[in-house]
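Here are my notes for your first look at this one. Have the viewer open while you go through the points.

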Amino acid sequence: MKKLAAGILIILLIFAVAGYFLYPVISDQLGRRRDSGIMQDYRAKTAQMSSEQREKLFGEAKAWNESLEEIRVEDVFMKDNQRTTRDYQNHMNVHDGVIAELVIPDIGVTLPVFHQSTETPANLKLVHVNTSSLPADGSRENIVLAGPGLLKAEGFLSEIGLTDDRMLEGLDKLIPGNLVILNVLDRTMVYRVKGVQMLASAGLGDLDLTPEEGDEKLTLITQRKDQRLLVQTERIPIWEARTLLAETDRVSFPADWQNVLFLGFPVLLAGLLVLWVIEIIKGRAYRLPGEGRKADQEQREKNARETIEQIGTEISEGEEP
Amino acid sequence: MEIYHPRDEELLREMKRVRRSDRRKRLFRGLSILLILSFAVGLIVFHRYYQLAVTHGTAMGDTLPEGSLVLVRRPEAGQIYSAGDIILYEKRLAKPVELTILNAKGKTRRYCRYVLYRDVGTTRQYYVSSENGFSWIESVNGAEIFESTEEGTVSIGTENLKNGEYWLKEVQASYGQPLLTDPIPFAVVNPVKTQMKRVLAGPGERVVLSPYAETRVNSREISKTYTSGRTEDAAPEGRRLIMARDRYFVQGDQLSLSVDSRETDYSTVSEGEIIGRAEFALWPLQCFGNLTGVQTTIAGTETEAME
């Protein structure tokens, strides 16, 4: 009994430790799966639209951009700065509040971009900052996106240091020359990183992000404790993007032994299961006195008691002269 | 309550010892058989049926993001791939070789005629091509003739030439010049890229690319359910082609960023270049699942006119 309890405890401990290390990975993968589903719906909606409908959306976004005289962002991560107008939220609202998809190949970021609002604030999701240009594939744009870095897990789990989605965690690894891709409706807009800066949160308000005529820019902002990381990028033409990205387009192969290991693994697992079952079956044949279930124990005690009584009566009978 | 007897204790201990050693021997035998068996199975499956591959780059969009692990099935004899299959292939980007031929004094050889040959072991083979294909023949009679231009250059297309060393031999000089006796060596060094993209059309099918309309395969519009981006970014002018006997038209799922058969330089993939078909995606988890069975064309969109 004691051995069984100890065994169960050990197994639970192993699961707990494995779970602790696997939680961030699995949580991030589940988050990516959810995001991937959202983007599939987005693309399905886009495919159903006619080209006139798409042009109309871009036209509205262009009008919005023209109405912006100056682009300045306050600290978008503060709770109080999250309220936006219904009018803003209706622009470029393709599906469920998602405007576009941000892909940064060099750091493995693939995230949907939401309208900034109280339900989707900048410190929980990647949002488009409402005071900046909407992606309209036009000239004179500075699209500002803001999102959190590593997201902590819910409640008690964050106390023990677990994290959920990785979001914009790798943004500080970007260097000038890296590419950033924004997929809007059916367009693919590619930007090249020009500069990465770290600012104090108050410094965001001082920054003037107004674009000049002919500028096509994308700016990314993320939190790093109480500082703000700013990445400024400029658009490159699609043919240049294709040439650059074509170099990364290749397939690599794991080593031969890794292939053999992977393909033989199911056999190994199945075999271990079979061995375990064999051990259990053989174990029955090997049962010794002092082991076994309670019923046998009671039976043995009964036998022992009877034997003693018998010996006792034999002795007492034998004593009788 | 138990009857205590000194000999019983010892017997019990001995029996436990025997049990333990029996178990150890059994496990040892079982595990070694199991390890050898799984290794053997892994080896057989790897050599004859499947292999693993990791994709990189953005060409396949969200279908296979950077660093996806897929299971690729090796081709069988006479394997044909259908539209919708994601195939793994080794593409040689065949750039033509341009040679400017000069004589000993440095003057260009204009309007001279050459044959192309290679040495395989001790045999010399001459190149000849026709509409049906190409071949290497042993005799110089019947070999293909390459003629140099007014500037003295010979342009040799390398789609059918594997990377390696080749020679040009002059067989006819012009203007009564003496024949150039030394053969002219040159190397074919085409970059080889191993890539994974989706088949849109196979041998004998028709593909029409147009900047004004959706891509059509055999007059049917292609489906956009699995793609992102737009074809205009990749093929700004229209194109129209019919697949040869052993050629496949491939396209990446991210239409704007993928360099694929829509470009004339990239061209189509020949059967000999195909390494296998990606059947199952293992990682990342959002892509986990079967990769086959995707319908690439929308039924009911056939039209009479093309473009």
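**Notes on the model**

1. Let's start with V17(A), which is partly exposed because its relative accessible area is 45%; the cut-offs here are under 20% for buried, over 50% for exposed, and partly exposed in between, with a 1.4 Å probe and protein chains only. You'll find V17(A) in helix α1 of chain A. Helices are DSSP runs of H or I with at least four residues, strands are runs of E with at least two, and both are numbered from the N terminus.

2. Before going on, some housekeeping. This is a predicted model, where local features need pLDDT of at least 70 and side-chain atom pairs count only at pLDDT 80 or more, while totals for chains, interfaces and linings use all residues. Residues are numbered from 1 along each chain as its sequence is written, chains are lettered from A and ligands numbered from 1 in the order in which they are written, and side-chain values use heavy atoms, leaving out hydrogens and water.

3. Back to V17(A): together with L13(A), Y20(A), F21(A), F156(A) and I160(A), V17(A) makes up a nonpolar surface patch with about 640 Å² of accessible area. To belong to a patch, a residue needs over 30% relative accessible area and no salt bridge; nonpolar side chains (Val, Leu, Ile, Met, Phe, Trp, Tyr) are joined within 5 Å, like charges within 9 Å. The areas come from the Shrake-Rupley method with a 1.4 Å probe, and for residues only the protein chains shown count as cover. Helix α1 of chain A (residues 2-48) contributes the most, with four residues.

4. Which residues gather in the patch of positive charge? They are K3(A), K16(B), R20(B) and R24(B), on the surface. Lys and Arg count as positive, Asp and Glu as negative, and His and the chain ends are not counted; a charge is placed at NZ of Lys, CZ of Arg, CG of Asp or CD of Glu. Helix α1 of chain B (residues 6-48) supplies the largest share, three residues. R24(B) sits in that helix, α1 of chain B, and is exposed, with 56% relative accessible area.

5. Now the salt bridges, meaning a side-chain nitrogen of Lys or Arg within 4 Å of a carboxyl oxygen of Asp or Glu. Over all chains, the whole structure has 37 of them. Seven names to look up together are R54(A), E55(A), D137(A), D186(A), R187(A), E216(A) and R235(A), which are linked in a salt-bridge network.

6. Two pairs in chain A are worth a click. E60(A) and K56(A) form a salt bridge at 3.7 Å, N to O; both are in helix α2 (residues 51-67), four residues apart, or about one turn. E60(A) is partly exposed at 28%, whereas K56(A) is exposed at 57%. R305(A) and E301(A) also meet in a salt bridge, at 4.0 Å, N to O. They are about one helical turn apart because four residues separate them in helix α8 (residues 294-319) of chain A. R305(A) is partly exposed at 42%, and E301(A) is partly exposed at 29%.

7. Are R109(B) and E170(B) buried or exposed? Both are buried. Their salt bridge has its closest N and O atoms 2.6 Å apart. This pair links distant parts of the chain, 61 residues apart: R109(B) is in the loop between β4 (97-100) and β5 (113-120) of chain B, and E170(B) is in strand β10 (residues 164-172) of chain B.

8. On to the sheets, where two strands pair if DSSP finds at least two bridges between them. In chain A, eight strands close into a barrel of mixed pairing, ordered β1-β2-β3-β4-β7-β8-β6-β5. Within chain A, β3 (residues 127-128) and β4 (residues 141-147) run antiparallel, joined by two bridges. H128(A) faces L145(A) of β4(A) there.

9. Chain B has an open, antiparallel sheet of four strands, in the order β15-β14-β13-β16. β15 (220-221) and β16 (239-242) of chain B are at the edges with a single partner strand each, so one side of each has no neighbour in the sheet. β13(B) (residues 206-209) is joined to β16(B) by four bridges, with L209(B) opposite R239(B) and V208(B) partnered by R240(B). β13(B) also pairs with β14(B) (residues 216-217) over two bridges, antiparallel, and these two strands form a hairpin with six residues between them.
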